[in-house]
Amino acid sequence: HKAATVARLLVLTDAMGRRTHGLAMAPLYLAEIDKGSMATTGEPTIVKDNFETVGMQSSNGSLTFEGYVPATDAFQVARIKAAGAIVLAKSNLAEWAFTPNETLSSILPGYTKNPYALDRVTAGSSGGTAAAVAASFGAVGLGSDTGNSIRGPSSHQALVGIRSTMGLTSRAGVFPLSLLAAIAGPMGRTV
């Protein structure tokens, strides 16, 4: 139920608390979080390194952004933190979130390995998040998906990954591979 709870937290709402559909529904506001059903208090969370995260390097897997520590959180990171999640770590990703198979960046040497079979790929740029959650370093994680980067790593590592409809969740503060197709969402071991 953890991935589904995080997914509900990430849905954009307008000032009246209604779901918005599409980027033209500005201004968008954070809805008040129902602490009874939406709380993620204390959930250890892994965040892909293309999400801006206060106090943590956000390199997008590239030496270009080495040392960049943002002053604000990405929308989705702010949302899960407001619900009580604890961001434990940033995860490795393919440089600029660009790969269909492996997770290899220029900022961290080496490949991210599939924790179930070290000789198999993690299957996409969110493979670092998927590997960390599959290895129980975190209960849930945030990844991004342009072509298959939430769904591929989730399926290769026995996780559930949710790629929402474009415009349903904000990608503000996430380095996109493509403005036309990139979206961000949760990954977890259970729904």
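Trainee: Why is Ser 125 called buried?
Mentor: In this predicted model, Ser 125 has a relative accessible area of 1%, and because a residue counts as buried under 20%, the value of 1% puts Ser 125 in that class. Ser 125 lies in the loop between E2 and H4.

Trainee: What makes the approach of Ser 125 to Ser 149 a polar contact?
Mentor: The contact runs from the side chain of Ser 125 to the side chain of Ser 149, at 2.9 Å, and the cut-off for a pair of N or O atoms is within 3.5 Å, so the distance of 2.9 Å meets that part of the rule.

Trainee: Why is the ring pair of Phe 65 and Trp 96 called edge-to-face?
Mentor: A pair of aromatic rings is described by the distance of the centres and the angle of the planes. For Phe 65 and Trp 96 the centres are 5.5 Å apart, which is within 6.5 Å, and the planes make 65°, which is over 60, so the rings pair and the pair is edge-to-face. Phe 65 lies in the loop between strand E1 (44-48) and helix H3 (75-82), while Trp 96 lies in the loop between strand E2 (86-91) and helix H4 (127-134), so the pair ties together parts that are 31 residues apart in sequence.

Trainee: How many aromatic pairs are counted in the model by this rule?
Mentor: The count comes to four aromatic pairs.

Trainee: How do you know whether Phe 65, Tyr 68 and Trp 96 are buried, exposed or partly exposed?
Mentor: The relative accessible area is 23% for Phe 65, 30% for Tyr 68 and 38% for Trp 96. For the chain as a whole, buried residues make up 51% of the 191 residues.

Trainee: Which residues of H3 are buried?
Mentor: They are Phe 75, Gln 76, Val 77, Arg 79 and Ile 80. An α-helix has 3.6 residues a turn, so residues three or four places apart point the same way. H3 lies across E1, E2, E3 and strand E5 (183-188), running at about 165° to E3. H4 also packs on the sheet, where it touches E1, E2, E3 and E5, and its direction makes about 160° with that of E1.

Trainee: What makes E2 and E4 the edge strands of the sheet?
Mentor: The five strands form an open sheet in the order E2-E1-E3-E5-E4, with mixed pairing, and E2 and strand E4 (160-161) each pair on one side only.

Trainee: How do you know that E1 and E3 count as paired?
Mentor: Three bridges join E1 to strand E3 (residues 140-145), and the two strands run parallel; because pairing needs at least two bridges, three bridges meet the rule. In E3, Leu 142 is the bridge partner of Val 47.

Trainee: What pattern does the chain follow along the sequence?
Mentor: The chain has five helices and five strands, and they follow one another as α-α-β-α-β-α-β-α-β-β.

Terms used
Residues numbered from 1 in each chain as written. Predicted model: local features only at pLDDT ≥ 70, side-chain atom pairs only at ≥ 80, totals over all residues. Heavy atoms only, no water. Phe/Tyr/Trp six-rings, centres within 6.5 Å; stacked < 30°, edge-to-face > 60°. Buried < 20%, exposed > 50% of the residue type's maximum accessible area, 1.4 Å probe, protein only. Helix = DSSP H or I, 4+ residues; strand = E, 2+ residues; numbered from the N terminus. Polar contact = N/O pair within 3.5 Å; in protein donor to acceptor, adjacent residues only side chain to side chain. Contact = heavy atoms within 4.5 Å. Axes fitted to C-alpha atoms, helices over the stretch in contact; angles between N-to-C directions.
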